[in-house]
Amino acid sequence: MTQETVAPASEAVLDREETISRDELEALQLSRLQHTVAYAYDRVPLYKRKFDEAGVHPTDLRELSDLGKFPFTTKEDLRLEYPFGMFAVPQHEVARIHASSGTTGRATVVGYTKKDLEDWAKLVARSLRASGVRPGMKVHNAYGYGLFTGGLGAHGGAEALGCTVIPISGGQTERQITLIQDFKPDAILATPTYLLTIADAMMKQGIDPASTSLKYAVLGAEPWTEEMRHELETTMNIKACDIYGLSEVMGPGVAGEAVETQDGSHIWEDHFRPEIIDAFDPSRVLGDGEHGELVFTSLTKEALPIIRYRTKDLTRLLPGTARPAHRRMGRITGRSDDMIILRGVNLFPSQIEEIALRIPELSPHFQLELTRPEGQRMDQLTVRIERRETVSVEGVASAAKVLQQQIKIHVGSSCAVDVVEPGSLERSNGKLRRIYDLRPKA
């Protein structure tokens, strides 16, 4: 299919499950949920042990609300069962294995049957289509390939949608720019901070990022704000949408944002049952609209069914809009394990991003440094942030003061602000590290 015959964004053939009623969807969820908990209990020793210890049995799940009776699964469970203890099928039925980097502990390992891979590709394709990507488009995939689920997951979905995939992977920013100019892709898949890195590198080469062939960006793998969306869309003349996923639940494509509304990612609830729990009292399941920790149960996975997995992502569930039966996720405000507690105040990097990008003199490039000065008992937060290229050194003092004041007002904690030269902070080659904890080790 040539670029001239690509269907416009307003035309898309949806999956039947995207168009069913909420009642139909919940009936499907209950049937699949009952199968999944019984399947996990029968095939995964960890789940049999956990269910028995909690005094619950798969037959206790008679309605959707009964899911709250079952125990949670955590990343630590997957680490303890390393490498293949969570698999529900024999090894010869596992078509592919992915794993986390293991930088914060033993890696978590996930597996997929052939059907799992087909379902995964279908859901990524659904997410990409919702975000404006169409069959026949050229898709530049800048997610990392390998054991990380992002690259191959996005690749499979783009191919399933009928796109031409350019599998560049992450890094090699100069080559990314060359291929964007030469191959003229319609869409790019990346983390938001890495797309920002590409745009900055273009400007340094004298290339206007808004002049490329790119029309759509489907961005995920890290929390980002509406202010970051505005920054990218304005800089690159694109429509930017979110895609959500995590390896333990499937990978990218658990939820996707619709380009026509751009109001949060719709969770594909025909394959996943979401819950929101109180992060401080996990026994409390919260109602739609309440903010807490996101929990997922898979409904169709064969190799690694997952029951009530605590994601540590903090958000809320909202009614569906572009896909009315499927609830939306609000913006992820952060992860419970990324939360900084500074003098009794909870703070997330996304809050700093949101505030900083409202100040015209300051760029989206920042780092948070936590220190404890010698002889003091109180921690100190320093926000190191780059000024915009167009702003003089003399013009940043007032911007630093505004940022400091706005953080105090909206977050409730004092901090120091250090405005640094453009290009002096580390750039993303995939997932960006925002927090640098320089406090002395206990």
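Figure 1. The model is predicted: local features need pLDDT of at least 70, side-chain atom pairs count only at pLDDT 80 or more, and totals for chains, interfaces and linings use all residues. Residues are numbered from 1 along each chain as its sequence is written, and side-chain values use heavy atoms, with hydrogens and water left out. L128 is also one of the residues that touch the most other members of the largest nonpolar core, together with Y47, F51, V133, Y244 and F296; this core holds 68 residues. Its largest share, six residues, is contributed by helix α5 (residues 114–130). A separate core of 25 residues includes I168, L219, L232 and L357. A nonpolar core is a set of buried Ala, Val, Leu, Ile, Met, Phe, Trp, Tyr and Cys residues joined through side-chain atoms within 4.5 Å. Buried means under 20% relative accessible area, exposed over 50%, and partly exposed in between (1.4 Å probe, protein chains only). Helices (H or I, at least four residues) and strands (E, at least two) are DSSP runs numbered from the N terminus.

**Figure 2. The open sheet of β21, β20, β19 and β22.** Four strands, in the order β21-β20-β19-β22, make up an open sheet with mixed pairing; two strands pair if DSSP finds at least two bridges between them. At the edges are β21 (416–420) and β22 (435–437), each of which pairs on one side only. Direction ignored, neighbouring strands of the sheet are turned by 25° against each other on average. Strand β19 (residues 362–371) pairs with β22 in the parallel sense over three bridges, and L370 stands opposite D437 in β22. Helix α11 (residues 396–410) lies across β19, β20 (380–387) and β21, and runs at about 145° to β21. Axes are lines fitted to C-alpha atoms, for helices over the stretch in contact, and angles run from 0 to 180 degrees between N-to-C directions.

**Figure 3. Helix α10 and its buried residues.** Helix α10 (residues 349–356) is largely enclosed by the rest of the structure, because six of its eight residues are buried. The buried residues are P349, S350, I352, E353, I355 and A356.

Figure 4. Neighbours within four places in sequence aside, H98 is in contact with T108, V109, V110, Y112, W120, G146, L147, F148, T149 and L152. A polar atom of the H98 side chain lies 2.8 Å from the backbone oxygen of L147. A polar contact is a pair of N or O atoms within 3.5 Å; within protein, one must be able to donate a hydrogen and the other to accept it, and residues adjacent in sequence count only if both atoms are side-chain atoms. By contrast, the C-alpha atoms of H98 and T197, 99 residues apart along the chain, are separated by 27 Å.

**Figure 5. Backbone geometry at P83, S169 and K184.** The peptide bond from Y82 to P83 is cis, with omega near 0°, and P83 lies in the loop between α4 (75–80) and β1. S169, although not a glycine, has a positive phi of about 70°. S169 is found in the loop between β4 (164–166) and α7 (173–183) and, at 18% relative accessibility, counts as buried. K184, likewise a residue other than glycine, has a positive phi, near 55°. K184 is found in the loop between α7 and β5 (187–190) and, at 47% relative accessibility, counts as partly exposed.

**Figure 6. Aromatic pairs, including Y41 with F51.** Rings of Phe, Tyr and Trp (its six-membered ring) pair if their centres lie within 6.5 Å; planes under 30 degrees apart count as stacked, over 60 as edge-to-face and the rest as tilted. By this rule there are seven aromatic pairs. Y41 and F51 form a stacked pair, 5.8 Å centre to centre with 15° between the planes. This pair links distant parts of the chain, with Y41 in helix α2 (residues 22–43) and F51 in helix α3 (residues 45–54), 10 residues apart. Both Y41 and F51 are buried. F84 and F87 form a tilted pair, at 5.3 Å centre to centre and 35° between the planes. F84 counts as partly exposed at 43% relative accessibility, whereas F87, at 10%, counts as buried. Ring pairs also link Y41, Y47, F51 and F70 into a cluster.

Note on methods. Contact = heavy atoms within 4.5 Å.
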